[in-house]
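Try each task before reading its solution.

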Amino acid sequence: MPPSNAELHQLNARLVWAGFKQLVPLSLFVIAFGAAFGLAATQAELSEFSAILMSTLVFAGASQFAALELWGPEVPLFTLLLTVFAINARHLLMGATLYPWLCHLPSARRYGVMLVASDANWAMAIQAFARNQPGLGLLLGGGLALWSFWIFGTWLGIYFGGVIQDPKSLGLDMVMGCFLLAMVVGGEKNLRMLLIWTVAACSSLLAYWYLPENSHVVVGALAGGIVGLVWLEQHHEH
Amino acid sequence: MNIETAGLGTLALILAMAAVTLATRWGGVFVMSFIPVGYRVKQFINAMSGSVLVALLAPMAVDGDNGARLALLTTAVVMLLFKKPLPAIAAGILAAALFRQF
């Protein structure tokens, strides 16, 4: 019998450790990403300490790379923060999607768990909930795995940056894309979802081409959500 | 407003970036705590969670090189056939790596 809805939000040391272990295989690729960031940071003349501090406190790869593009003797503060916000705005949606389970936790835990929310562990957690399994251990444990490997990778890239000369030729730039796609394909598949995904993809592309930079994820996700609101799933009476 | 990266400037910039990112991690949860989660909100959230991923992936597939497209295609096919994420991801990366060698 599947656990009742009340148990899905449970969070204990065993679940966190299991979540950590489940994200370790992916975290090995995260090290490679982190190393690419560490290398790029040294090239942008960020000090070793600053690069590691950024990975530790910001922990959001795409926005960190974007920050390096703006780095120099002087950095435009507003442009930097707007870029970081736009790229990371998807976290807002991710937090919202987790709320039905997070709301059972006391505030400190609820916001504590979100400290390490990122694409991969969020996707795993949502998948677990969809299968009627507890997911917050994946979110926290997996997040801790990704976070520590991200910092370690950054350090590695700073001191041994030459190790991975060309991550792209090894396909390493596709790790996150392939991972997220596997999550999509592994999820619920029916005509309703197909329509939602199509609308999300098309609006994301339109935003990508015609709207301000980095707005496409939020636009696509909201468009998909609205379709889901218009075409409601068959209401299973309880 | 420009911030000099000499001295404490870098530290201030990194702290500001961290604060903005943290606001995105906490903001969605915070806003939702004012919204009653009923059936319609759940449907919206459920549709949105898949859409976040699709919206991330679409430009990657359309704007990427053929290696990127082949990687995504391979992952999708392997995932449909075997329903196991790790082999699907590995196959996708391998496909991109092999394609880009030639």
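## Exercise 1: Two chains, two builds

Of the 102 residues in chain B, 43% count as buried. The model is a predicted one.

**Task.** Work out which secondary structure elements chain B has, and how its radius of gyration compares with the globule rule for 102 residues.

**Solution.** 
- Step 1: chain B holds four helices and one strand.
- Step 2: the order along the sequence is β-α-α-α-α. The radius of gyration of chain B is 20 Å, well over the 13 Å from the globule rule for 102 residues, so chain B is more spread out than a compact globule.
- Step 3: along the principal axes, the C-alpha atoms of chain B fill a box of roughly 50 × 45 × 25 Å.
- Step 4: take the contacts in chain B between residues at least 6 apart in sequence; 31% of them join residues at least 24 apart.

**Task.** Now repeat the analysis for chain A: which elements does chain A contain, and what is its radius of gyration?

**Solution.** 
- Step 1: chain A contains 11 helices and one strand.
- Step 2: these follow the pattern α-α-α-β-α-α-α-α-α-α-α-α. With a radius of gyration of 19 Å, close to the 18 Å that the globule rule gives for 238 residues, chain A is as compact as a globular protein of that length.
- Step 3: the C-alpha trace of chain A spans about 60 × 45 × 35 Å along its principal axes.
- Step 4: 51% of the 238 residues of chain A count as buried.
- Step 5: among contacts in chain A between residues at least 6 apart in sequence, 75% link residues at least 24 apart.

## Exercise 2: A helix and its surroundings

**Task.** Check the length of helix α9 of chain A, then find how many of its residues are buried and what covers them.

**Solution.** 
- Step 1: helix α9 of chain A covers residues 175–186, and at 1.5 Å a residue its 12 residues should span 16 Å. Its end C-alpha atoms are 16 Å apart, which agrees.
- Step 2: 10 of the 12 residues of α9(A) are buried, so the rest of the structure largely encloses this helix. Among them are Val175(A), Cys178(A), Phe179(A) and Met183(A).
- Step 3: the cover over these buried residues includes α1 (13–43) and α7 (119–130) of chain A. It also includes α2 (39–63), α3 (66–82) and α4 (85–101) of chain B.

## Exercise 3: One helix, two partners

**Task.** Describe how α10(A) packs against α11(A), and then against α2(B).

**Solution.** 
- Step 1: two packed helices are described by the angle between their axes and the distance between the axes.
- Step 2: α10 (residues 191–210) and α11 (residues 216–230) of chain A pack at about 150 degrees, with axes 7 Å apart. Since angles over 145 degrees count as roughly antiparallel, α10(A) is roughly antiparallel to α11(A).
- Step 3: the crossing of these two helices, α10(A) and α11(A), is right-handed. The residues that meet include Leu195(A), Trp197(A) and Tyr208(A) in α10(A), and His216(A), Gly220(A) and Val227(A) in α11(A).
- Step 4: against α2(B), the angle of α10(A) is about 50 degrees and the axes are 8 Å apart. That makes α10(A) oblique to α2(B).
- Step 5: α10(A) passes α2(B) in a right-handed crossing. The contact includes Met193(A), Trp197(A) and Leu205(A) of α10(A), with Ala47(B), Val54(B) and Pro59(B) among the residues of α2(B).

## Exercise 4: Two residues up close

**Task.** Decide whether Leu140(A) is buried or exposed, and list what it touches.

**Solution.** 
- Step 1: Leu140(A) is found in helix α8 (residues 136–160) of chain A.
- Step 2: a residue is buried if 20 or more other C-beta atoms lie within 10 Å of its own. Leu140(A) has 24 C-beta neighbours inside 10 Å, so it counts as buried.
- Step 3: leaving out residues up to four places away in sequence, Leu140(A) touches Leu11(A), Val16(A), Gly19(A), Val113(A) and Val116(A).

**Solution.** 
- Step 1: Gly28(B) lies in helix α1 (residues 9–32) of chain B.
- Step 2: Gly28(B) has 24 other C-beta atoms within 10 Å, so it is buried.
- Step 3: apart from neighbours within four places in sequence, Gly28(B) is in contact with His91(A), Leu92(A), Leu93(A), Met94(A), Gly95(A) and Ala96(A).

Methods
Residues are numbered from 1 along each chain as its sequence is written. Chains are lettered from A and ligands numbered from 1 in the order in which they are written. This is a predicted model: local features need pLDDT of at least 70, side-chain atom pairs count only at pLDDT 80 or more; totals for chains, interfaces and linings use all residues. The radius of gyration is taken over C-alpha atoms; the globule rule is 2.2 Å times the number of residues to the power 0.38. Two residues are in contact if their C-beta atoms, placed from the backbone, lie within 7 Å. The expected span of a helix is 1.5 Å times one less than its number of residues. Axes are lines fitted to C-alpha atoms, for helices over the stretch in contact, and angles run from 0 to 180 degrees between N-to-C directions. Angles under 35 degrees count as roughly parallel, over 145 as roughly antiparallel, 65 to 115 as roughly perpendicular and the rest as oblique. A crossing is left-handed if the near helix is turned anticlockwise from the far one by less than a right angle, and right-handed if clockwise.
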